[in-house]
Amino acid sequence: MSTETLPRETAAPSRRPCLRDFFIIAKPGVSVMVVFSALAGYVMAAGRIADPLRLLIALAGTALASGGAAALNQVIEYRLAARMVRTR
């Protein structure tokens with residue numbers, strides 16, 4: 001294993017991940033639609049909003065799960081997406 005470093009011009013720039021990166025990979029547009037679907041299902045099942053805190057927690061969990069699933073999907077399918085014309 002070599003310990004030599006890459007020349008400065010070919011080394012990747014170091015940068016810290018930020019909230020913008022999360023929003024890019026989490027597909028917030030899709031997540032918003034999923035959250036609205038969960039809200040509609042909650043209201044239809046309960047008939048009313050009985051416990052706003054429970055609803056808020058459920059919607060936050062739904063948004064996090066949806067964003068995580070979108071991010072995982074991009075990680076799993078990055079090779080396939082790199083070969084598709086519409087995703088280049």
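R54 counts as exposed, with a relative accessibility of 58%, where exposed means over 50% relative accessible area, buried means under 20% and partly exposed lies in between, using a 1.4 Å probe and protein chains only. This residue belongs to a predicted model, in which local features need pLDDT of at least 70 and side-chain atom pairs count only at pLDDT 80 or more, while totals for chains, interfaces and linings use all residues. Residues are numbered from 1 along each chain as its sequence is written, and side-chain values use heavy atoms, with hydrogens and water left out.

The partner of R54 is D51, and the two form a salt bridge in which the closest N and O atoms are 3.9 Å apart; the term stands for a side-chain nitrogen of Lys or Arg within 4 Å of a carboxyl oxygen of Asp or Glu. By this rule the count comes to one salt bridge. D51 has a relative accessibility of 32% and therefore counts as partly exposed.

Helices (H or I, at least four residues) and strands (E, at least two) are DSSP runs, numbered from the N terminus. Of the 88 residues, 10% count as buried. The protein exposes about 7,700 Å², of which carbon and sulfur atoms supply 66%, the areas coming from the Shrake-Rupley method with a 1.4 Å probe, and for residues only the protein chains shown count as cover.

A contact means heavy atoms within 4.5 Å, and among the contacts in the protein with a separation of 6 or more, residues 24 or more positions apart account for 57%.

Two of the helices can be followed in detail. Helix α1, residues 19–26, packs against helix α3, residues 52–76, at an angle of about 80°, with their axes 8 Å apart; axes are lines fitted to C-alpha atoms, for helices over the stretch in contact, and angles run from 0 to 180 degrees between N-to-C directions. The two helices are therefore roughly perpendicular to each other, a description that covers angles of 65 to 115 degrees. Where they meet, I24, I25 and A26 in α1 touch G67, A70, A71 and Q74 in α3.

Helix α3 also holds S66, which is buried, with a relative accessible area of 12%. Leaving aside residues up to four places away in sequence, S66 touches S31 and V34.

Technical notes. Parallel < 35°, antiparallel > 145°, perpendicular 65-115°, else oblique.
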